[in-house]
Amino acid sequence: MLAIENLVVRYGSILALRGISLEVNEGEVVGVIGPNGAGKSTMLMASAAAIPVAEGDIRFEGETVLKERPEKVVERGISLVPEGRHIFHRLTVGENLELGATTRTDAAAVEEDRARVFELFPILKEYLGTPAGKLSGGEQQMLAIGRALLARPRLLMLDEPSLGLAPVVIDRVFETLEQLRKTGMTILLVEQHAERTLDLADRVYVLRTGSIELAGTPEDLAGNPQFEKAFLGFV
Amino acid sequence: MDPSEVAQNAIDAAARGSFLALVALGVALLFGIMNLVNFAYGEVILAGGYAMLIFTTWFLDASVWPLLIIWTVVVAIVFALAQERLAFRPVRHADPTTMLVTSFAVSVLLVNIAIVVWSGLARPVEIGGVTLEQFTAGEIRIRKLDVITLGAAAFLLLSLTAFLKRTSLGIQMRAASEDFRMSQLLGVPANRVIATAFFIAGILAGSVALITVGNQGSSSPGMGLFPLIFGLVAVVLGGMTSLIGAVVGGFVLGGLIVGLEQGLATYGMERFRDAFVFLAVIVMLVFRPQGLVVGRAIRERV
């Protein structure tokens with residue numbers, strides 16, 4: 001579904017991604033883990049056509065997303081929940097959700113999707129008229145995910161959804177992702193929480209300083225001494 | 001001060017404030033969406049002013065004022081959109097300094113075109129007696145133009161608020177001004193929100209041009225500069241990040257100007273009004289650097 005091929009991204013003279021390749025198949029949950037500054041967010045931003053790419057290609061359902069405007073990529077079915085959630089604090093919860101459906105023209109189907117989002121996150125329905133900045137961090141994360149779902153994505157990309165949240169709230173976020181996976185949603189999840197990602201994902205990539213260091217199923221990686229030493233020891 | 005004098009000053013301050021609020025809104029709208037202080041915004045006002053001159057000398061006289069208003073606002077909108085399309089869109093992804101220098105260049109270019117075509121002197125615009133007419137109630141004199149200014153400002157503020165709150169394009173505008181990158185990630189087209197911001201700024205600039213020419217009875221190459229500088233100060237006062245802040249800043253600045261005019265006149269120092277205005281603004285910013293209204297940087301609860 002999503003194919004990243006030899007992707008190189010530069011920020012000025014800094015090489016953020018040094019030619020990574022990665023694949024996400026339909027219906028799969030793919031996790032990407034790695035330390036800060038490994039290039040995880042850069043990879044997602046490039047896939048959303050939000051930053052320029054130096055070399056390589058990113059194809060979604062066979063066609064490149066490079067040179068597309070970001071709004072076109074959303075229309076094609078890729079939604080990104082960026083790091084730090086980026087909800088609109090001064091807009092109400094309802095307005096934030098409405099913005100999620102910016103590219104949609106099928107009002108009836110949008111209404112169905114809203115109902116589904118409220119089923120997933122009942123709390124959002126209660127706060128519809130509240131400025132989103134007043135929500136707690138966990139509620140904001142739910143709003144950010146709900147907002148992304150209203151675009152009816154076929155690929156949902158999440159950038160560190162657990163960042164800055166209390167452990168119980170993180171549980172809730174991962175439960176939601178599990179629920180989404182059961183509906184057949186294709187998910188590309190970037191995380192620092194290695195253990196939780198291994199529990200959820202079908203396949204995992206390990207990204208470090210702009211290169212993919214390891215890749216495989218959670219079972220493969222869990223048995224890999226190199227991986228265990230690097231990650232599971234201290235998370 | 002006796003009550004009628006207080007009332008008189010309040011009316012003057014409200015008229016001055018609403019004028020500045022209109023300019024400040026235009027400046028703040030573009031700053032919010034593009035992070036650009038557009039110094040060429042004054043020249044959109046200038047374009048409106050000379051559009052009025054052209055209308056009254058070549059086409060019709062000012063007695064067909066509804067047509068004059070439409071014409072002026074349309075010319076201002078066209079100029080604002082042309083600035084966006086020709087000058088700012090090509091440098092949108094450049095760094096802010098480049099955009100700032102571009103806005104200076106556009107400003108200088110347009111002022112000089114006005115000087116070449118109409119000379120550097122103020123050209124009288126025949127707009128009839130509206131500038132002189134006034135209502136009197138006891139000792140209070142109310143200029144008709146002040147009433148028009150207040151009415152126009154109220155109408156534009158309410159329309160803009162309704163647009164931003166009630167329409168989906170308005171919600172997209174507010175989203176883009178809070179977090180432009182995120183609005184793009186949700187599929188809000190950058191070109192559409194930016195062009196809309198310039199369109200609205202054009203309407204505001206056209207209105208400001210009508211009021212300015214109504215006040216001074218002429219168009220001049222420098223006519224965009226005074227509103228722009230004071231509008232910018234109003235935006236800074238208001239905190240840079242919210243449209244409400246810009247409006248509040250405009251009214252505070254209007255009150256400050258009228259108050260200082262009154263206060264300084266008793267010492268024969270009214271010529272130094274602007275120096276005192278800016279001094280007051282600096283003092284305020286020392287004690288409240290975030291401005292009067294805090295917008296974007298709301299701390300998030302975790």
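How much space lies in the largest pocket? The answer is about 1000 Å³.

## Basis of the values

This is a predicted model, in which local features need pLDDT of at least 70 and side-chain atom pairs count only at pLDDT 80 or more, while totals for chains, interfaces and linings use all residues. Residues are numbered from 1 along each chain as its sequence is written, chains are lettered from A and ligands numbered from 1 in the order in which they are written, and side-chain values use heavy atoms, with hydrogens and water left out.

## The largest pocket

A pocket is an open set of points on a 1 Å grid over the protein atoms alone, with protein on both sides within 12 Å along at least five of seven lines, whereas a cavity is a set of points where a 1.4 Å probe fits but cannot get out; lining residues have an atom within 4 Å of a point. The lining of the largest pocket comprises 36 residues, and A:Ala50, B:Arg92, B:His93, B:Phe180 and B:Gln184 lie nearest its centre. By class, this lining divides into 19 nonpolar, six polar and 11 charged residues.

## The largest cavity

There is one cavity of 30 Å³ or more, and the volume of the largest cavity is about 40 Å³. Its lining draws on both chains, with A:Ala48, A:Pro70 and B:Leu185 among the residues; helix 2 (70–76) and strand 6 (78–81) of chain A, together with helix 7 (180–185) of chain B, each give two or more residues. Seven of the lining residues are nonpolar, two are polar and none is charged.

Helix 7 of chain B also holds B:Ser183. B:Ser183 counts as buried because its relative accessibility is 1%, where buried means under 20% relative accessible area with a 1.4 Å probe and protein chains only. Apart from neighbours within four places in sequence, B:Ser183 is in contact (heavy atoms within 4.5 Å) with A:Phe88, B:Ala175, B:Ala176 and B:Val188.

## The sheet of chain A

In chain A, six strands form an open sheet of mixed pairing in the order 6-7-8-3-9-10, two strands being paired if DSSP finds at least two bridges between them. Strand 6 and strand 10 (211–216) are the edge strands, each pairing on one side only, and the twist averages 15° from one strand to the next. Strand 3 (residues 29–33) and strand 8 (residues 186–191) of chain A run parallel and are joined by five bridges, and A:Gly31 stands opposite A:Leu189 in strand 8 of chain A.

Key: Grid points are joined across faces, edges and corners, and a volume is the space filled by probe spheres set on the points. Helices (H or I, at least four residues) and strands (E, at least two) are DSSP runs, numbered from the N terminus. Ala, Val, Leu, Ile, Met, Phe, Trp, Tyr, Cys and Pro count as nonpolar, Asp, Glu, Lys and Arg as charged, and the others, Gly among them, as polar. Axes are lines fitted to C-alpha atoms, for helices over the stretch in contact, and angles run from 0 to 180 degrees between N-to-C directions. Buried means under 20% relative accessible area, exposed over 50%, partly exposed in between (1.4 Å probe, protein chains only).
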